[in-house]
Amino acid sequence: TQLIAALGLGKYLQGEQWASAIINGEAVFDNGPAKPLRSPIDHASLGQYVNAPAAITEQAIKEAHAAFLKWRTVPAPRRGELVRLIGEKVRAKKKELAQVITLEAGKIVAEAEGEVQEWIDICDFAVGLSRQLHGLTIVSERPEHRMMEQWHPLGTVGVITAFNFPQAVWAWNAMLAFVCGDPVVWKPSEKAPLCALAIQSVVDEVIAEFDGAPRSLSQIVIGEVETGKQLAESPLVPLVSATGSVRMGKAVAATVGGRLGRSLLELGGNNAMIVTETANLELALRAIVFAAAGTAGQRCTTLRRLIVQESVVDQLLPRIAKAYETLPIGDPRESGKLVGPLIDEPSFRAQQQALADAKAQGGEVVFGGERVTAGVPANGFYVRPAIVRVNGNLPVVCHETFAPILYVMTYKTLDEAMALQNGVPQGLSSAIFTDRMQEAERFVSPAGSDCGIANVNIGTSGAEIGGAFGGEKETGGGRESGSDSWKNYMRRTTNTVNYGNALPLAQGIKFDV
Ligand code: UN1
């Protein structure tokens with residue numbers, strides 16, 4: 001109730017039921033079948049949600065397009081000013097926004113606040129960017145001609161996000177989209193609709209007061225597969241940016257590709273760390289525990305595979321197990337807790353299944369994996385992070401299980417380690433711990449890690465927003481957030497201007513009439 005008041009969420013709530021969509025700043029309620037929304041912390045009711053029917057989604061898309069026609073002509077630095085004001089508001093509401101993440105996604109307070117910080121950071125980045133959306137001037141082969149390129153707003157961006165980063169991933173997309181001149185229609189995870197409503201409340205207040213910003217710049221539709229499909233199908237949505245499972249990404253890519261639209265995909269990871277014989281094991285240990293057990297193993301950048309030089313595995317493994325023994329697991333709202341719950345029961349079942357499969361395939365669970373029921377809120381699915389010894393990339397290891405399971409394998413030569421590192425279908429994040437320059441350089445070289453993120457002496461998770469974020473192979477190839485990811489949200493035009501009185505043709509073609 002306090003959060004509802006602090007974030008102004010009352011307008012999106014009728015009785016127990018949350019709005020199915022927010023269109024032009026107005027909550028839309030639907031009387032379709034209501035589904036319960038529960039906190040992963042203790043299964044407490046967070047109310048109910050109703051999926052937006054197709055007609056509502058259609059309306060959200062249409063209204064967003066109308067916003068595009070206006071917003072695209074607002075000068076980019078002025079669009080940046082809107083994002084600057086959003087950033088101010090997020091700073092003021094950081095604690096409350098983080099509390100919604102904790103309640104709905106089960107993140108510990110520090111990580112939830114870290115996620116809101118990512119939103120603040122990308123606001124700052126986007127504000128600066130709003131004065132730097134520049135193209136090139138290119139020399140022409142023709143006399144008295146000039147060539148240049150410009151980047152123009154693209155159109156409505158459909159954003160599909162997962163439960164595990166229920167605010168930041170939308171923010172990476174939306175803050176860039178807004179400065180690039182694009183409205184956003186967002187389908188949040190059905191497991192985290194409250195985060196979307198909380199965001200909308202903050203953003204809509206800023207938009208409503210901002211001279212020249214159409215109210216329909218930021219639209220939300222609550223829904224599941226069908227809603228995602230609708231975004232993917234709509235010709236009024238030139239870019240669909242989707243974060244989630246490989247299965248979802250393949251479906252989105254096929255649909256968007258079928259109409260030759262653009263998709264930006266950030267899908268599963270299967271992130272590995274190579275620990276060489278010269279690694280600083282103290283540093284490696286800290287990086288491993290945060291990356292593998294943090295967020296209860298539910299980041300797409302979570303460390304899932306540890307590839308250890310055989311001469312150091314007996315020093316390293318007991319230290320990881322020791323650190324795991326004392327990891328405080330429990331209510332993520334309590335200070336001092338480092339590992340919160342899994343998102344829901346199916347997630348727990350998948351974790352148990354992966355451990356069973358690992359054993360059946362010859363792996364050995366050397367630590368953890370069991371459900372924790374003592375000292376944690378009843379009804380939540382808390383598990384002790386697991387360490388599983390495996391011989392190479394077993395079938396179960398090649399599959400991303402969204403839970404804290406760390407598969408440990410050993411290697412003799414760096415060639416072998418690189419083959420293991422790259423030998424999975426996914427390619428998001430990776431790391432090497434070494435004090436040898438040659439090994440580090442090789443890891444980040446063209447013949448090294450095949451991932452979108454390749455780190456040296458830091459873990460696989462917790463990337464800053466300034467870099468491009470995403471990965472290769474089944475991770476989907478998209479890049480969000482920093483660097484030049486903004487180019488995904490704009491269309492490039494090449495302009496050739498003739499300032500002479502002749503009409504020379506390119507390639508020296510003569511065509512005299
Ligand atoms: C995700 O899990 O979908 O690098 C995103 C990280 C975070 C983002 C993770 N900055 O772990």
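At what angle do helix H4 (residues 94-105) and H5 pack, and how far apart are their axes? The angle is about 120° and the axes are 8 Å apart. The views below show a predicted model, in which local features need pLDDT of at least 70, side-chain atom pairs count only at pLDDT 80 or more, and totals for chains, interfaces and linings use all residues. Residues are numbered from 1 along each chain as its sequence is written.

**View A. Packing of H4 on H5.** Helices (H or I, at least four residues) and strands (E, at least two) are DSSP runs, numbered from the N terminus. Axes are lines fitted to C-alpha atoms, for helices over the stretch in contact, and angles run from 0 to 180 degrees between N-to-C directions. The angle of about 120° makes H4 oblique to H5; angles under 35 degrees count as roughly parallel, over 145 as roughly antiparallel, 65 to 115 as roughly perpendicular and the rest as oblique. The crossing of H4 and H5 is right-handed (the near helix is turned clockwise from the far one by less than a right angle; anticlockwise gives left-handed). Lys94, Leu97, Ala98, Ile101 and Thr102 of H4 meet Val109, Ala112, Glu113, Glu115 and Val116 of H5, a contact being C-beta atoms, placed from the backbone, within 7 Å. The residues of this contact of H4 with H5 divide into 6 nonpolar, 1 polar and 3 charged. Ala, Val, Leu, Ile, Met, Phe, Trp, Tyr, Cys and Pro count as nonpolar, Asp, Glu, Lys and Arg as charged, and the others, Gly among them, as polar.

View B. The axes of H3 (residues 76-92) and H5 (residues 109-129) come within 9 Å and cross at roughly 155°, so H3 and H5 are roughly antiparallel to each other. Their crossing is left-handed. The H3 residues that meet H5 include Gly80, Val83 and Ile86, and their counterparts in H5 include Val116, Trp119 and Ile120. By class, the contact of H3 with H5 has 9 nonpolar, 2 polar and 3 charged residues. The axes of H3 and H6 (residues 168-180) come within 7 Å, crossing at roughly 145°. Ala76, Arg79, Gly80, Leu82 and Val83 of H3 make this contact with Met175, Phe178 and Val179 of H6.

**View C. The sheet from S4 to S13.** Seven strands form an open sheet in the order S4-S3-S11-S10-S9-S12-S13, with mixed pairing; strands pair if DSSP finds at least two bridges between them. S4 (26-28) and S13 (262-266) stand at the edges with a single partner strand each, so one side of each has no neighbour in the sheet. S3 (residues 21-23) and S4 run antiparallel, joined by 3 bridges, and Ile22 stands opposite Ala27 in S4. Helix H2 (residues 54-71) packs on the sheet, touching S3, S4, S10 (184-187) and S11 (218-221), and its direction makes about 170° with that of S11. Helix H7 (residues 193-209) lies across S3, S10 and S11, at about 155° to S11.

Technical notes. Contact = placed C-beta atoms within 7 Å.
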